[in-house]
Amino acid sequence: MDYKNAGVDIEAGYKSVELMKDAVKSTVRPEVLGGIGGFAGAFSLAKIKEMEDPVLLSGTDGCGTKVKLAFIMDKHDTIGIDAVAMCVNDIACSGGEPLFFLDYIACGKNYPEKIATIVGGVAEGCRQSEAALVGGETAEHPGLMPEDDYDLAGFAVGVVDRKDMITGENIKPGDMLIGIASTGVHSNGFSLVRKVFEMTKESLDTYYDELGKTLGEALIAPTRIYVKALKAVKAAGVTVKGCSHITGGGFYENIPRMLPDGVKAVVKKDSYEVPAIFKLMAKKGNIDEHMMYNTFNMGIGMVLAINPADKDKVLSALSSTGDTAFVIGNVEAGEKGVELC
C-alpha cells in the first residue's frame, strides 16, 4: 500500500506545480522575494514605509457554486479570475491596493492540466489587479469529493495609508451615487441560478437572442475586477466618500454597509439598462423584483458615493479604464438603508 493507492498522487502534484510556474511568474511584483515552491510566500514591505500610517487590508472568498458551471461546461480558465476578484474588490472598496494573493484548490483528484488551467485564471486575475500570486495549495481529497469536482478559494492582502481609507463616515445628504457596470452575474446567487435554469450541457449551450450568446457563456463570464478603476479615480484627485462591492445580498445588503447612520441611498432603477441575463432569470424563475435586487448585482458591480462636483472627473476616470458607469441615485437624510424607485 502507498499514498497513490490511497488516492493521493504526489507526482501529479509535482506536475501541476511545473505546469503553472510560468503563469505564477507573470504576476511577480518587485516586492516578491524568492520563487514558487517555498513553504511561505515572501513579500517585502520596504515601500510601505513610505506611507504615513500604513494599514494592512485583507479579503478572503471563493466562487461559490459557480464552480458547478465550470464542471458542466468543462471550462476552467476563468473561474480563477472570479476567486481573485471577490477578494481584491473588497480591498479596493476600502481604498487599498492589493499586494499579493494565495489560492486554495481542493479536488477529488489532481488532474495536473486542469489544475494548471485553473491557476492560469488565478494568475490572470492577479495581473488584472496588479497583485502577486505568491503561493497556494492544491489538496486532493479522495473519498471526500468526487474525482472530477473541485472547490476554489483564496485570500488577498493589501495596504492603504490610513488617511486614504474609504470609510463612508463623511457621506452626507446630497452626495451622488455612481454605479460601475458588472460583467453579468459575477460569483453570487448561483444557487438560485441553478434552480432557474437546468444545469445540463444542452441547456447551457442554448443560444438566446436576447443574450447574444449561449446561456453558459453569459453565466460563466468572469467577475469584473475594479482595482484599476478605483486607482484611476484616486489618481484624478477625487476623494471617494463611500464604496460598496455588490456581492451576495445584492443592493439591499451591500449598499448600507458603506453608509453612516442618518442617511439612506436612493437608487433610481431606470438610471441604467439592467442586463438581459437578469431579466431572463426573473422571467424564467418567476422571481419578484425585491428578491432579484436582494440576491444579484443587477448589472452594477460597485457603487461609489461622491461629491456631485466630482461627477465628470469620476466618469472620465472610469471610462479610461474601460469601465462603464452611471449616475444611479443620491444620498438623502433618513434611516440607514436603500430605497429603490
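**Group meeting: a helix, an aspartate and some salt bridges**

Okay, let's start just past helix 2, where Asp74 has a positive phi of about 50°. Keep in mind that what we're looking at is a predicted model.

Now step back into helix 2 itself, residues 66–73. Is this helix mostly covered or mostly open? Mostly covered: six of its eight residues are buried. The buried ones are Lys66, Val67, Leu69, Ala70, Phe71 and Met73. And what's doing the covering? The list includes helix 3 (79–93), strand 6 (150–161), helix 5 (190–196), helix 6 (201–204) and helix 7 (215–220).

Next, go along to Asp323. You'll find Asp323 in the loop between helix 12 (311–320) and strand 13 (325–333). Buried or exposed? Asp323 has 9% relative accessibility, and the cut-off for buried is under 20%, so Asp323 counts as buried. What does its side chain touch, then? There's a polar contact of 2.9 Å with the side chain of Arg224, and another, of 2.7 Å, with the side chain of Thr321. If you skip the neighbours within four places in sequence, Asp323 is in contact with Ile180, Arg224, Tyr226, Ala229 and Leu318.

UniProt, in an unreviewed entry, puts a "PurM-like C-terminal" domain at residues 172–337.

Last topic: salt bridges. Side chains of opposite charge can pair when their charged atoms come close. How many salt bridges does this model have? The count is 17. Let me show you a few.

One joins Lys75 and Asp77, at 2.9 Å from N to O. Lys75 is partly exposed at 29% relative accessibility, and Asp77 is partly exposed too, at 37%.

Another pairs Asp164 with Lys163, at 3.4 Å. Here Asp164 is partly exposed at 27%, while Lys163 counts as exposed at 53%. These two also belong to a network of salt bridges that links Asp161, Lys163, Asp164 and Lys234.

Then there's Asp261 with Lys336, at 3.7 Å. This pair links distant parts of the chain, 75 residues apart. Asp261 is in the loop between helix 9 (250–254) and strand 11 (263–267), and Lys336 is in the loop between strand 13 and strand 14 (337–340). Asp261 is exposed, with 67% relative accessibility, and Lys336 is partly exposed, with 40%.

Conventions: Residues numbered from 1 in each chain as written. Predicted model: local features only at pLDDT ≥ 70, side-chain atom pairs only at ≥ 80, totals over all residues. Heavy atoms only, no water. Buried < 20%, exposed > 50% of the residue type's maximum accessible area, 1.4 Å probe, protein only. Helix = DSSP H or I, 4+ residues; strand = E, 2+ residues; numbered from the N terminus. Contact = heavy atoms within 4.5 Å. Polar contact = N/O pair within 3.5 Å; in protein donor to acceptor, adjacent residues only side chain to side chain. UniProt positions renumbered as here; feature names shortened; annotations may be inferred. Salt bridge = Lys/Arg side-chain N within 4 Å of Asp/Glu carboxyl O.
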